[in-house]
Amino acid sequence: MDTNVLSTSAIEAAILAGQEIMKIYTDPASDFEIEKKADNSPLTIADRCAHQIISDCLEKLPYPILSEEGKHIPYQERKGWETLWIVDPLDGTKEFIKRNGEFTVNIALVTNGIPVLGVVYVPVSSLLYFGDEKNGAYRTVLPEKIDIGQMTIEEWRQQAVRLPIKKERPYTAVASRSHLDKETETLLENLKKEHPDLTTTSIGSSLKICLVAEGSADIYPRNAPTMEWDTAAGHALLRAAGMNMYRSGTNVPLCYNKEDLHNPFFIVLNK
């Protein structure tokens with residue numbers, strides 16, 4: 001199917017989901033209806049609403065959807081999916097509950113285990129990242145008034161900045177806002193020896209990956225559990241920007257739609 005149609009559909013789905021999330025986020029009467037999932041991580045009404053909106057948008061297209069908030073589809077069925085959507089309707093639920101704005105909507109298209117198209121939308125700042133392996137990666141901030149249903153992918157690219165953005169800055173590492181382990185602390189100490197001007201930035205959700213993809217950071221190590229929907233969209237952006245995401249200690253990129261949907265520990269590099 002035409003990449004441009006897929007890109008515009010994913011962008012529209014992400015923004016519509018983000019707009020619904022913001023209605024809940026900014027409602028002073030909302031208690032978010034927080035539940036606990038099986039792994040004890042939080043689930044809110046915003047997760048569920050965003051999932052429904054994205055599903056309604058993407059179900060019009062010919063590819064199946066694997067979503068964090070959707071039903072868990074058996075691998076015997078999934079393994080026959082050559083191309084699929086991998087979606088996290090609200091990445092950074094903990095950040096959403098903390099009201100620090102560091103949460104995203106993640107949508108990726110994956111073919112043969114490789115993320116080929118990605119959209120990451122940041123509802124609080126209206127910041128949109130999008131890209132695909134053929135046309136590159138982009139970043140833009142949505143204007144207050146925009147008819148997203150009438151925008152072509154060419155128009156999205158025209159108003160956006162091509163990634164990565166080259167600029168002079170200290171060597172920068174990205175760390176998790178909610179997870180920082182001893183291995184990462186050791187890595188940062190070693191990087192400090194190589195780069196005395198090392199700067200460390202902490203932020204939530206897939207924004208960590210986006211900072212590397214846009215050229216604002218050089219490295220993001222992750223030695224803590226993540227799932228495929230946490231990384232697929234950001235990984236697609238990295239690939240579109242000429243970078244990649246590797247299993248820790250290897251040159252092997254992460255792959256998707258595995259039988260076990262957990263990611264291995266990984267590292268993101270700006271190179």
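Biologist: What makes strand E7 and strand E8 a pair?

Modeller: Strand E7 (residues 127-132) and strand E8 (residues 136-141) run antiparallel and are joined by 6 bridges, and because two strands pair if DSSP finds at least two bridges between them, E7 and E8 count as paired. Among these bridges, leucine 127 has valine 141 in E8 as its partner. Strands here are DSSP runs of E with at least two residues, while helices are runs of H or I with at least four, numbered from the N terminus. The model is predicted, with local features needing pLDDT of at least 70 and side-chain atom pairs pLDDT 80 or more, whereas totals for chains, interfaces and linings use all residues. Residues are numbered from 1 along each chain as its sequence is written, and side-chain values use heavy atoms, leaving out hydrogens and water.

Biologist: Why are E3 and E9 called edge strands?

Modeller: The open sheet has 7 strands in the order E3-E4-E5-E6-E7-E8-E9, with mixed pairing; strand E3 (65-67) and strand E9 (161-163) each pair on one side only, and are therefore its edge strands.

Biologist: Why is cysteine 210 called buried?

Modeller: Buried means under 20% relative accessible area, exposed over 50% and partly exposed in between (1.4 Å probe, protein chains only); cysteine 210 has 1%, so it is buried, whereas cysteine 49, with 24%, is partly exposed.
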